[in-house]
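Visitor: Could you take me through one residue of this protein closely, and then show me how the whole chain looks around it? I would enjoy a connected account.

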Amino acid sequence: MSVSLRLKPGRHRALQGCPWVFRGELLHHDPPPTADVEILDADGRMLGRGLYSPTSAIAVRMMAFGRGELQLHDLVRRRVRAAVRARESLQTVRTGLRLVNAEADGLPGLVVDRYGPMLVMEVTFRPMADLIPVVVEELKTLPGIAGIYERGQLSARRHEALPLEDRLVWGELENPVTVDEYGLLFQVDLVEGQKTGHYLDQAENRQAVAAYTPGRRVLDVFAHTGGFGLQALRAGASHVTAVDSEAGALRQALANAATNKLSDRFEVQEANAFDWLREKSRETPAYDVVILDPPAFTKSRTAVEGALRGYKEINLRAARMLSPGGILVTCSCSYHVDLDAFTAVVGAAMHDAHRDARLLDVRGQPADHGSHPLLPESRYLKCLILEMSGS
Ligand code: SAH
């Protein structure tokens with residue numbers, strides 16, 4: 001006999017197919033004895049089945065809508081296989097990619113990234129943490145996998161009362177590893193590196209931006225291990241300056257440049273990007289392409305104003321440094337700043353810089369980071385490409 005939880009009357013997103021049910025939307029307050037629950041609408045009709053977390057604000061994440069029986073372990077195994085299969089063609093051009101992207105793949109709170117022979121998992125939902133053995137049984141059968149490592153130092157795990165620890169889940173730890181991203185080699189530190197090691201979510205944007213760079217002088221700000229800049233060099237950029245505040249990331253960027261035989265046209269600057277841009281934007285325009293890929297400026301709705309000021313400032317300074325006809329690539333991964341707000345602040349920065357600019361391309365997350373259509377919370381990445389007017 002499974003446990004049923006009923007929704008309060010109201011216009012809940014789950015009624016339209018959103019996979020999240022918030023605690024306040026449930027009529028019941030006592031935690032059920034099992035995580036595997038049925039969800040009923042306010043009239044007692046079966047909405048579907050989900051997994052219950054006793055601690056977080058998102059109490060239930062749906063696993064299936066409609067009636068039907070559900071063999072949870074079997075369903076999880078099938079979804080892992082389907083997620084991997086859906087990315088088969090991508091694996092021919094990138095050996096670093098996301099294999100499982102949580103709700104978008106029907107596996108709430110589970111992220112699995114592949115870096116050549118290693119898999120790196122992030123689990124941010126308690127019931128999914130309990131299903132890890134099932135997930136691992138499936139993942140370890142993938143050809144060429146040496147080990148599965150879990151990164152656990154994530155603030156989201158706190159809300160689920162999960163330990164903030166990293167661990168080797170299966171096999172052996174091979175670290176660092178080298179991945180091939182559209183023909184360019186990157187060394188990735190799976191243990192100490194940011195995110196799961198590499199900013200996989202920008203892989204397609206790096207590739208798209210490279211097309212604008214042949215023969216041009218490129219400034220890559222918030223460069224991390226050199227992703228955008230090195231793709232630009234490979235495409236024929238005449239010179240790349242990479243700016244980041246983290247010395248370790250820049251050391252890796254230099255090593256990546258050497259591995260790919262691109263060192264002669266590559267230089268790094270360790271600096272706070274805000275200070276560096278403020279200082280350099282007083283000089284004559286020196287770049288034909290400027291890339292801005294900052295970290296999230298806000299993790300909360302209340303700090304949006306400050307984040308917008310930050311975006312305004314760096315975009316304004318970048319615009320001043322661009323040659324006539326130059327290209328500005330400007331990104332935001334702050335979920336709380338949506339595409340319209342971001343585009344508006346970039347436009348206002350162009351105006352303040354006295355630059356006329358055309359928006360050439362509006363980009364987002366790559367195919368391996370596909371999102372659930374009814375979960376705007378999972379669409380965070382924005383990447384605008386603008387062209388400055390000729391003179
Ligand atoms: N463009 C990169 C990813 C950038 S992630 C890629 O394609 O791989 C954001 C980067 O900004 C991180 O490397 C972080 O070290 C750096 N960073 C954060 N705050 C910074 C600051 N104030 N000044 C310069 N770099 C900063």
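Guide: Happy to. Accessible areas here come from the Shrake-Rupley method with a 1.4 Å probe, and for residues only the protein chains shown count as cover. On that basis the protein chain exposes about 17100 Å², with carbon and sulfur atoms supplying 50% of it. Please keep in mind that this is a predicted model, where local features need pLDDT of at least 70, side-chain atom pairs count only at pLDDT 80 or more, and totals for chains, interfaces and linings use all residues. Residues are numbered from 1 along each chain as its sequence is written, and side-chain values use heavy atoms, with hydrogens and water left out.

Now to T178, which sits in strand β11, residues 177-181 (strands are DSSP runs of E, at least two residues, numbered from the N terminus). T178 counts as partly exposed because its relative accessibility is 43%, and that class lies between buried, under 20%, and exposed, over 50%. Beyond its neighbours within four places in sequence, T178 is in contact (heavy atoms within 4.5 Å) with T95, L185, F186 and Q187. A296, by comparison, is 118 residues from T178 in sequence and 26 Å from it in space, C-alpha to C-alpha.

Stepping back to the chain, buried residues make up 51% of its 391 residues. Among contacts between residues at least 6 apart in sequence, 62% join residues at least 24 apart. The C-alpha atoms fill a box of roughly 75 × 45 × 35 Å along the principal axes.

Note on methods. Buried < 20%, exposed > 50% of the residue type's maximum accessible area, 1.4 Å probe, protein only. Helix = DSSP H or I, 4+ residues; strand = E, 2+ residues; numbered from the N terminus.
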